Amino acid sequence: MNGSHQPSEILEALAGRVEICNLSPLEVMEKVRKAGWKRAYIDGGKLIQSFLAAELIDDMIITRASLLIERGLPLFGQVLADIRLEHVETKGFAAGLA
C-alpha cells in the first residue's frame, strides 16, 4: 500500500479494482493465480523490491523523469544477485518523461 493514502481513500477511488492485503509476495501471486488473473500491477519502491527478491517480476515498465532530486533514492534497493533484463522499447514524451 502507498504510505501516502489511507485504505479507504484507495478503495473509493479504485473500487472493484484494488484489494489491500497483508500477505507475502508469494502468497499474493498465489491469490492472483487462483483468481484467474494473468498479470498483476506491482508499484511502490519497497513493494517492488520484495517482489524482485522473491523472483516474481517477469517484466517491468520503468519511467524516468529528466530531473535530478538531491541525492535521489535507489530505484531497486539492494538486490542479492544480478537480474537479467531485456530492453524492449523506449518512448519519449514531451513532458520530459521517458
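Trainee: Which residue with a positive phi follows H3?

Mentor: First, the ground rules. This is a predicted model: local features need pLDDT of at least 70, side-chain atom pairs count only at pLDDT 80 or more, and totals for chains, interfaces and linings use all residues. Residues are numbered from 1 along each chain as its sequence is written, and side-chain values use heavy atoms, without hydrogens and water. Helices (H or I, at least four residues) and strands (E, at least two) are DSSP runs, numbered from the N terminus. Glu55 follows H3, with a positive phi near 55 degrees. Just after H2 comes Gly36, with a positive phi of about 85 degrees.

Trainee: Which residues of H3 are buried?

Mentor: Buried means under 20% relative accessible area, exposed over 50%, partly exposed in between (1.4 Å probe, protein chains only). In H3, Ile48, Phe51 and Leu52 are buried. They lie on the same side of H3, because their arc around the axis is only 105 degrees. That arc is taken from the directions from the helix axis to the C-beta atoms. Lys46 and Ala53 are exposed on the other side of H3.

Trainee: Which residues make up the largest nonpolar core?

Mentor: Nonpolar side chains tend to be buried together in soluble globular proteins. A nonpolar core is a set of buried Ala, Val, Leu, Ile, Met, Phe, Trp, Tyr and Cys residues joined through side-chain atoms within 4.5 Å. Here the largest has eight residues: Val28, Met29, Val32, Ile42, Ile48, Phe51, Leu52 and Leu56. Helices H2 (25-34) and H3 (45-53) each give two or more.
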